[in-house]
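Q: Hi! Could you walk me through this structure with me asking as we go?

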Amino acid sequence: MVRTAIPVIVAFITGAAMTVAFFLNEKTPFVGQISEQLLDWLIIIGGFTLLLGVVSILRVSWQSVQRRREGWVYKIATIVSVLVMAIPSLLPVSWSPLFGRFEGSIYDWLFMNLQSPMMATMFATLAFYIASAAYRAFRARTPEATLLLITATLVMFWRVPIGEALLNHLPGDVPALVNKYVMNGVNLAVQRGIIIGAALGASAMSLRIILGIERTYMGRG
Amino acid sequence: MNFWERFEKMDRRWVYLMVGITVFIPFLIPMKFPISVSPEARAFFNAVDSLPDSSTVMLVFDYYPSTIAECEPMTIAGARHLFSKNCKIITLSNIPYGGPSMAESITRRIAKEYGKEYGKDFVNLGYKYGYVSVLKGMGVSIESIFPTDNHGTPLSQLPLMNSVKNYEQIKFIFEVADNATADYWVSIVNAGYSVPMGIGCTAVMAPKCYAYVGAKQIVGLLGGMKGAAEYEILLNKPGTAFRGMDIQSLVHFLIIGLVLLGNIGFFITKKGKKKASS
Amino acid sequence: MKSLDVLQVMVQFESKIWRRVPLILTSKTFSAAHKCWLAVFLLVTLFSQPAYCQDEATTFRFDRINALITVIIFSGAVLLFTRWARQGKPLFLRKIPGLEAVEEAVGRATEMGRPVLYIPGIEELDQMETIAGISILGRVAQITAQYETPLMVPVRYPLVLAAGQEVVEQAYIHAGKAEAYDKDMVRYVAGEQFAFTATVNGYMMRERPATNIYMGAFFAESLLLAETGNAAGSIQIAGTGRPEQLPFFVAACDYTLMGEELFAASAYLSHEPIMMGGLKGQDFMKILIIILILTGIILVTFTTGAGETFKSWFQAV
């Protein structure tokens, strides 16, 4: 009872306070300050949760190494990476310019020279994946699929300089028509529809959570 | 199995190889295709250009290092444009992974070109957790959210921040994002405080941001590398985005070619199957 | 109407409410939810009392009154349909193929002896999409518990890890399979987006899960995950509220839930009338928005003054 009731009560009070605070002047006594306090608490709690994640990944990786599970060597690499990035960045800069997070530190070097290129590489693989997905998915099997195919082809032409130059050779100002009727017409309407629908869905779910009707996120109900 | 059937069932690794070769070609043969400027990019540029000199602007680095290719040219062009108008720039980031570092390195590099001084002409506030609370909190007081800058210097010791308390003193927000923080800037900051705003985003996010342009919640939009290239053209300083358009053009053509050939193969195979069954 | 006149009307209205407060709070006609909202309203008026007499900067944000009216109508619709659902009135919900396929997809995984991979999005727990994903995870975990199918849930944030573990544990207990629950079913993988994606992709190519379910907020990694899942031969069901990621899921997944279907999933899978009532309230608001859009189009197209007045009612808050 307590495990269910307390989170529901906290959800209701905080949700209601933030909702009410939206309609009041920030300088309103009591309610205005509650919303500011809650926002500050959110920032503080977020900092603590970062620690939770680090502890979790170290625990799981260490257990895999201890039990010699499949791929345990890579878990050693995970643990070493976490420690090598974290420990120097936490030490004061006054001890050595290699410590801390700023330019010239071990953390900054590892981030700019290892992590950033790896992140960019992963994002770049999207170019390959989009090519294979487009090749597989854009087949004129049905009238809707044909429409999708034609629109996608037009937009792909329109989005690059030489494609735009080719479209300009067609009668009428095709790039302007694509911009006006496809991007600022159909696309705009559909995006708005989905955004409105998703926003209503999120609002209804928020309301259900605030009022305690929806408790599935706690594993109950 | 005939040629078209084999083509239709082609292993995806052949597609990857073709894309890889196509990406490499413009490095050997630069093509420099002419770029036309979209109305959205022009509106963005004009909005920044019409800012009074010495206006205070927020240049927001809300992108991860993974989208450097698309987003960094926008921030570089934006910083150049703003410094050329003697605007005061406040940079910040809602991205913990490299946002403050990228802001620091880009603004310092561009500031040197224009002889600008840290603390007087530009300030890097760094990163703070919880973007919703950060954006809302800055509406009341920037110092309450960022008591110090990215280097730990109290804001009261930075001349630029003496005249900037909250959004009321910010004349424009130049937001460059590759994630949903752009939506929060629009729904919280622009909607709540009516600060004029322009968004530079990845090409994937651009279709969604057209809704904001249509509703006049943002003054303009830079969509992907093309948007960045358009801004560079308008600024008369072609950079990495302009050079990247060659690659993007060829890869788009490759994908269109594969799709068309795939459909031709699909119809020929379908026709063959119909003939065989009848 | 001047702001002072509006204030006077509100003060008179408020005094009428105060007289009726004891009756309302003790009445059985009003549900607990109604009483709670009344309590909040009273707290607000109590603490903003001094401002009602001022003609200058007031406590209440009159520029946001349109949002307040929307919230009141929306809340009223949701509560009203929830009440009707509790009373047993039948409520129609259209079929959502993606959700109908969840149980079948888990069954497929059981037959093939391969695991189910579930990703509740890559955003923090304060995002509604993540909460929706965690809610659906509970339902899916119940099914995997019943069928004794291995379940793997990689997460990107520690709070999502804690919530996911709690939800899966409760699901297994609820299904009577508490001993089958393993805390490491839900594991924190990496905080960085592409490190997370690389780990999950590696898992997909090694373990070849039979079913991949992506429910929550996704960004650029959506296509990376979906294409890799496709290459691994998994049946894939995806749902996200991000319109920019929907095309990638539609191209690479077998079933896709779009936008609000994701938020409806929890209610849809539970078949509980009380939750389905909330969905009907949403639909009511959508119909209202459509009517307002059509009214606006007609007024703005065929009139001048009326159209501008109508537009001004919906200025950004």
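Q: Which strands does helix α11 of chain B lie across?
A: Helix α11(B), residues 224-235, lies across β5 and β6 of chain B. Its direction is at about 125 degrees to β6(B). Bear in mind that this is a predicted model.

Q: Okay, and what about α3 of chain B, which strands does that one lie across?
A: Helix α3(B), residues 39-49, lies across β4, β5 and β6 of chain B. The angle between α3(B) and β6(B) is about 130 degrees.

Q: At what angle do α3(B) and α11(B) pack?
A: The two pack at about 50 degrees, and their axes are 10 Å apart. That angle makes α3(B) oblique to α11(B). The crossing of α3(B) past α11(B) is right-handed.

Q: Nice. Which residues meet there?
A: From α3(B) you have B:Ala41, B:Arg42 and B:Phe45. Facing them in α11(B) are B:Gly227, B:Glu230, B:Tyr231 and B:Leu234.

Q: Back to the strands, then. What is the strand order in the chain B sheet?
A: The order is β3-β2-β1-β4-β5-β6, an open sheet of 6 strands with parallel pairing. β3(B), residues 122-127, and β6(B), residues 221-223, stand at the edges. Each of those two has a single partner strand, so one side of each has no neighbour in the sheet.

Q: How many degrees does the twist average?
A: From one strand to the next, the twist averages 10 degrees.

Q: And β1 with β4 in chain B: how many bridges?
A: There are 6 bridges between β1(B), residues 56-62, and β4(B), residues 172-177, and the two pair in the parallel sense. To pick out one pair, B:Leu59 has B:Phe174 in β4(B) as its bridge partner.

Q: Changing topic: I've been looking at B:Tyr184. Where is it found?
A: B:Tyr184 is in helix α9 of chain B, which covers residues 181-193.

Q: Which residues does B:Tyr184 touch?
A: Leaving out residues up to four places away in sequence, B:Tyr184 touches B:Tyr131, B:Val132 and B:Leu135.

Q: Why is B:Tyr184 classed as partly exposed?
A: B:Tyr184 has 19 other C-beta atoms within 10 Å, so B:Tyr184 is partly exposed. The cut-off for buried is 20 or more.

Q: How far is B:Tyr184 from B:Ala215?
A: B:Tyr184 and B:Ala215 are 15 Å apart in space, C-alpha to C-alpha, and 31 residues apart in sequence.

Q: Let's zoom out. How is chain B divided into domains?
A: Domain 1 of chain B is made of two stretches, 3-30 and 245-277, while domain 2 runs over 39-238. The C-alpha centres of these two domains of chain B lie 40 Å apart.

Q: What does the C-alpha trace of chain B span?
A: Along its principal axes, the C-alpha trace of chain B spans about 85 × 35 × 30 Å. Chain B has 12 helices and 6 strands, and 51% of its 278 residues are buried. Of the contacts in chain B between residues at least 6 apart in sequence, 71% join residues at least 24 apart.

Q: What about chain A, where are its domains?
A: In chain A, domain 1 covers 1-90 and domain 2 covers 138-221. Their C-alpha centres lie 34 Å apart. Across that pair, 7 residues of domain 1 of chain A are in contact with 7 residues of domain 2 of chain A.

Q: And chain C, how many helices and strands?
A: Chain C has 12 helices and 6 strands. Of its 317 residues, 44% are buried.

Q: Which strands pair with β4(C)?
A: One is β1(C), residues 116-119, which runs parallel to β4(C) and is joined to β4(C) by 4 bridges. Here C:Tyr118 stands opposite C:Ile213. Another is β5(C), residues 235-240, which pairs with β4(C) in the parallel sense over 5 bridges. In that pairing, the bridge partner of C:Thr211 is C:Ile235.

Terms used. Residues numbered from 1 in each chain as written. Chains lettered and ligands numbered in written order. Predicted model: local features only at pLDDT ≥ 70, side-chain atom pairs only at ≥ 80, totals over all residues. Domains from an automatic or database assignment. Pairing = 2+ DSSP bridges. Axes fitted to C-alpha atoms, helices over the stretch in contact; angles between N-to-C directions. Contact = placed C-beta atoms within 7 Å. Buried ≥ 20, exposed ≤ 12 C-beta atoms within 10 Å, placed from the backbone. Parallel < 35°, antiparallel > 145°, perpendicular 65-115°, else oblique. Left-handed = near helix turned anticlockwise from the far one by under 90°.
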